[in-house]
Amino acid sequence: MADSFVLIDYDRFAERAPLARDPMHLLVTLTLDRLDEFPLPTRQKLARVLVDPDTDDLTPRYEHIRKVSAAFHERSAPKTRKGLNAEWRQQCLLSLVGAALMHLGRAIRPGDERFVAEAKEWCFYLAATATEAYQQTLESAERVDIDPVASPNRSPSLLPSGAMVDRKDDLRALQTRMADGPWGVTILRGAPGIGKTKLLDVALDESAVKQAVRSSVLVRRHETSAAVRLDTRTLIDYLDGEPDAITPLRYGRSSLVRLESTLRRLGESPVVIAVDSAEHLLDPETRKLLDPDLDEALEMLATRQGHRVTVLLATQHEPASAADGTWPTAESPIFLDKLPFKDFFDHLGMLDADSRWDPAGLPEEARRSLYDQMQGNPRLGELAHAIVTVAKPGVNLWSLADSLRSQPRKTVPDHLIGLLLERLGEIEQRVLRALAAFGIPVPATAVTGLLADEPPDEVRKALSTLVTGRIIRQAASDQYFVPLDDGRSIIEHITDEEKRSDLYFFAAEQLTSFQNNDPQGVDDLRVHFAELTALLRAHEYGSAYNMIELIHDVLREWNSGHLLLEQREAVRGRLADEHLEMANHNALADIYTTCGRFDHAAAAYGHALAIANSRRDETSRLKIRANLAALYSEWNDVRALGYFEYARDEARRLDDLVILMGALEGVADCHRRHGRYSEAVAQAQEALALPVRPDYPDTASARDFAASRTVAITLKLARWSGERGNSVEAARLVEVAKSAAAERGDLWLQTSCLDEQAARLVDQDELELAEVVALKAVEHALQQRDPETLLQARTTLCFTYLKTDRFEHAWNEIELARPYRREGRSLVVLALLALAAHHRGDRLTANKLFRQLLDEATARSDQDDHDFAAWDFRGYAICGLHLGTGRDLDKAIVSFQRARKLTAEATPALVGRLRLMLSLLNAEDRLRRVVKVL
């Protein structure tokens, strides 16, 4: 676009309209023409490019769009920036909002309904993104402060005296969140070096926070890095104020139960947890949260009412939930944009009084160029200051500003790091590279140890010089570190791969002596993880695997083995030892299963099985087959039965009674899922007979396994008897299980017995006693942090309340059960949630939940055509969806008939629950044919 040309559509020209309207309208139109070239999940990024062509999270495929956007924003701007022209940025953003909304009412590719819907959704997102950016320009604009009338409903936002000269509006917004809510999760977003950490430092000043919230407040700070993450256990430790004393946690969602208990205990007590550099918690490609447990915990904090906990996530990137949770978008993020021109140069002016550093003395054109190239970023200003005043030989600011003119904006940070390294003294360079290799704050002794050939006093002097020059940070009296993004660039400037690997290797050696040998939480493994990261970057995969196993021994006690996923993936295929490779594949499969990535888990077990076959290792092969069977069962896959039967037969051949007991239980579960109760009971009874055999192993682990599985299998037999209407036998088996659990002294098993007893009492309509027992089961499950029993007991309570017409009690109970349900499992919980929405008159939510129920039930029946419960819930979902549409219910009838055909024996208790749920849809006339099938 020619420099002298301003794009104007004279057919629609209006003297008082913003000149930016036509360029932005054309930009949106051109993008919509090519929208379907971009995959659906990436289109939000496309919108951000239109709003800000300098956004920093682009991949190469967006470069041509970025160039077009930059041309429209910059080259179509008026040459004179006076009057309204001085607000060109605001004009562009408002014009983008208008253009996006205008396209909602226009014909976009008529006839292609799918594309039209997607395009309009994208236009909404573009309008919202441009609006958010426009609001940021208003917040950062210079203004005359007017003393407002204090509102009695708002807490005062307090600025610590002399703490900041900029970001005042952002600081007020952040402290208002902490003082007045909304509580839950707050996202603080901004580019590297833009000032997120500084803002947190001021906002989290304890006296300011206490004054802002007008009560005692618990403030916690957590720094993440590539080596150190945040897990749910540590998050709850921060809330509790002390480490968890109950270990080990048995199931994947035990931490979620602990979080619920902690929130109940805290009540209205305010707690603020700030997580800095939270981008390290995200997948670098998808920006989704890596830790599934933490994902669920943040979702509970975002959606649960009645608490005053605020988790601040300071991150460079927009986070997303891997489980499609609402926490990333539940509340509007606080976005730190570049500093306004005046504030940026105020910041530079405060850095030093050195004669070589005189930003105010630059010509206006040079100041504007420097601002543009540094993107108003405070950290880049600090690096520039170091190049001018600390590096020897330094350069003056005029020369530096001139040299940056030719640099693409994206390369400016790396370019500044390169200039700094070139001009620092040798020992300062070595200290800087050593800190970058450590990756976490370390004491001076770690640096002197790594640089053993340098005099310790000289190393300490270099550390002091780098701190004074704001090149590195000092976290405590003797803890030094490089800002993370700078660290990556510093290492990348070591072009010799061998030297880079050696540096990481020797850094790992130094870190060993700083390990915490009595870790009480994941944060105590900070040095272990940093050493592991250094070993991986040094390509020392054997040593890295040894460190992985050392860390795993601790993490498995806390049910946090998934925190080693990336590291295990990094050593996969590089261990040069088949046995270690097989063990690593098994561990990966277990993590993938925990995360619900079943296809990845199956592939990992497949690799492990191939190694076992090549080694002719029958014992390992048997264990892997049993693990595969359990995986397919969790996946609701029909192949589970075949794998369990294979494991059963092989265990008999190898005389492995422990695996045989587990395999028989698995076969029994599959038969019950297929409605074959007699076969299920026979397999379960055979499993119960194994521990009393004289040849059953007499090891502690084998006996513990037998004792716990005996109670669990007995409870299953009780449930299956109750489902078939044999209440007497069910009650007897519950008492047998209770006696065994009491003899063992296992509170988890005793809680499971209470839940099963309550469920059987509901089926017998002994509702008053059922409520008492179920409430006790809920209480004990919360104390023991047992998510499975908590889910079941709350479901039992829900049915108890439904049978006694206490509907609000029922709906509240099933809402509390929701967080513990896994996709594809416990379909009854999803059915009851849909029923609750229908009963409350919220048809929009009800339809959404009935549709989800239909999708999940259909997926289960597609995976296993003999899954009778899946067919029942398919039928129920169809009934819920078609109540108000006038469509017939033949498909529901077919589904219920299929389920009844699969259950060779009558299941009056299950049918009774279905009848109750159908009756509560309040459509007796329409559903009469359906109920008749049952």
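**Salt bridges along the chain**

Tutor: Lys803 counts as partly exposed, because its relative accessibility is 33%, where partly exposed lies between buried, under 20% relative accessible area, and exposed, over 50% (1.4 Å probe, protein chains only). The model is a predicted one, in which local features need pLDDT of at least 70 and side-chain atom pairs count only at pLDDT 80 or more, while totals for chains, interfaces and linings use all residues. Residues are numbered from 1 along each chain as its sequence is written, and side-chain values use heavy atoms, with hydrogens and water left out.

The side chain of Lys803 meets that of Asp765 in a salt bridge, at 2.9 Å from N to O; the term stands for a side-chain nitrogen of Lys or Arg within 4 Å of a carboxyl oxygen of Asp or Glu. Asp765 lies in the loop between helix H33 (747-763) and helix H34 (767-784) and Lys803 in helix H35 (residues 787-803), so the pair ties together parts 38 residues apart in sequence. Helices here are DSSP runs (H or I, at least four residues), numbered from the N terminus.

Glu808 and Arg840 also join their side chains in a salt bridge, at 3.1 Å from N to O. This pair links distant parts of the chain, 32 residues apart, with Glu808 in helix H36 (residues 807-817) and Arg840 in the loop between helix H37 (827-839) and helix H38 (843-863). Glu808 is partly exposed at 43% relative accessibility, and Arg840 is partly exposed at 42%. Over the whole structure, a search finds 61 salt bridges.

Note on methods
Helices (H or I, at least four residues) and strands (E, at least two) are DSSP runs, numbered from the N terminus.
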